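Please keep the sequence and the model in view while reading.

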Amino acid sequence: MFFERLYTLCQEAKTILLTGPQSLDGDSIGACLALHDMIAQFSAAQIDVSGIPTHQYVHLEGLHSWKPDANLRPQYDLAIVVDGDCFRLAPTVEQAFNTATHTVLIDHHKSTDTQTYALAWLEPTAVSTCSMIYTLLEAWNCTLTPKIAEAIYVGLLFDTGGFQHSNTNPETLRLAAHLMEQGFDANRTYIKVVKEKRPQGWKLQSAMFQNSILHANGQVHIAWIPHTTMEELGCDGGDLEGLVNDLRCTAGVDFAALIVGLDEHNHKVSLRSNPSFGEHTGIDCSALAQTLSTRGGGHVRASGARLTMSLTESIDHVTRISLQFVQSTIEGG
Ligand SMILES: [Mn+2]
């Protein structure tokens with residue numbers, strides 16, 4: 001059984017590494033924070049959390065002790081990756097992860113391959129990895145402190161877009177209510193994680209809408225942000241949060257793609273879809289991401305991929321493949 005086995009591994013380990021995919025999102029940050037404090041309740045292990053959180057999360061307690069990727073130990077007894085496959089780790093973290101004695105996965109991305117881990121818990125129907133962490137907390141009989149409650153709440157907020165996405169269900173809202181009762185500033189957390197942008201983030205949103213095109217009778221919305229715009233405005237990955245959803249939340253749109261330049265030759269693509277595409281089933285973003293690139297993947301309604309090609313080629317590639325995919329979805333039902 002996963003819960004018991006992981007509990008024992010955490011108790012026996014002297015050193016533990018916790019991490020999420022490169023460019024951590026709110027769900028992986030919340031999961032790492034919560035898991036760190038839960039394990040510390042019953043294990044004497046030295047627990048390192050690796051990652052560099054973006055501006056939305058700096059108010060969260062416990063982040064100051066996180067390790068920059070370069071400062072990791074050469075060897076860990078146990079390494080746990082949350083909310084994403086280990087091939088999405090930053091290169092230095094991936095190395096530390098792969099040399100650990102035991103490797104563990106806790107994730108809800110349906111595209112993740114569980115084969116490479118000593119121990120894996122994959123729940124593709126879970127709303128967030130943080131909801132899974134809450135299940136683990138109950139199974140382990142850990143104390144739900146206000147700090148752990150806030151961390152799990154951050155994951156719920158992030159993966160439901162502030163309880164707005166189609167994955168928001170009564171169970172999630174009940175869990176959110178229970179977490180709020182533990183006494184942290186839920187309103188501040190909501191504003192920081194979901195609503196607030198840095199000044200340059202609003203400018204970035206405006207720049208994105210200047211490079212957006214509607215296709216397929218206005219049902220497909222594709223936009224791009226060149227890496228030079230990111231640099232000119234002084235933006236980082238944190239400023240991109242929510243932008244692809246702004247594209248999707250346009251009247252008539254059922255599918256959106258955002259292409260962002262990392263440098264001249266590398267682009268990342270984010271895909272979002274509504275549960276339905278007109279009168280047809282919604283676009284499977286995870287399958288589409290895997291068609292766009294071998295390392296693409298994610299969820300049915302939200303996914304991502306990385307492309308090694310120029311901006312013009314990326315726009316071309318994403319537009320062509322997406323429209324083909326939309327066509328076959330329509331024809332398929
Ligand atoms: Mn997640």
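## A buried strand residue

L18 is buried, with 26 other C-beta atoms within 10 Å. Buried means 20 or more other C-beta atoms within 10 Å of the residue's own; exposed means 12 or fewer, partly exposed lies in between, and C-beta atoms are placed from the backbone. The model is predicted: local features need pLDDT of at least 70, side-chain atom pairs count only at pLDDT 80 or more, and totals for chains, interfaces and linings use all residues. Residues are numbered from 1 along each chain as its sequence is written.

L18 sits in strand β1 (residues 15–19). Strands (E, at least two residues) and helices (H or I, at least four) are DSSP runs, numbered from the N terminus. Beyond its neighbours within four places in sequence, L18 is in contact with C32, L35, H36, I47, V49 and I80. Contact means C-beta atoms, placed from the backbone, within 7 Å. S50 is 32 residues from L18 in sequence, yet their C-alpha atoms are 6.4 Å apart.

## The sheet

Five strands form an open sheet in the order β2-β1-β3-β4-β5, with parallel pairing. Two strands pair if DSSP finds at least two bridges between them. β2 (46–50) and β5 (119–122) are at the edges with a single partner strand each, so one side of each has no neighbour in the sheet. The twist averages 15 degrees from one strand to the next.

β3 (residues 78–82) and β4 (residues 102–107) run parallel and are joined by five bridges. A79 stands opposite T103 in β4. Helix α3 (residues 91–98) packs on the sheet, touching β1, β2, β3 and β4, and its direction makes about 140 degrees with that of β1. Axes are lines fitted to C-alpha atoms, for helices over the stretch in contact; angles run from 0 to 180 degrees between N-to-C directions.

The largest nonpolar core has 61 residues; A34, L35, L78, I133 and I152 touch the most other members. Such a core is a set of buried Ala, Val, Leu, Ile, Met, Phe, Trp, Tyr and Cys residues joined through C-beta atoms within 7 Å. Helix α5 (residues 146–159) gives the largest share, nine residues. A second, separate core of 36 residues includes A207, V220, A257 and A305.

## Helix α11

In α11 (residues 285–292), the buried residues are C285, S286, L288, A289 and L292. They cover an arc of only 160 degrees around the axis, so they lie on the same side of α11. The arc is taken from the directions from the helix axis to the C-beta atoms. These buried residues pack against β9 (266–273), β12 (297–298), β13 (302–308) and α12 (311–332).

Terms used:
Two residues are in contact if their C-beta atoms, placed from the backbone, lie within 7 Å.
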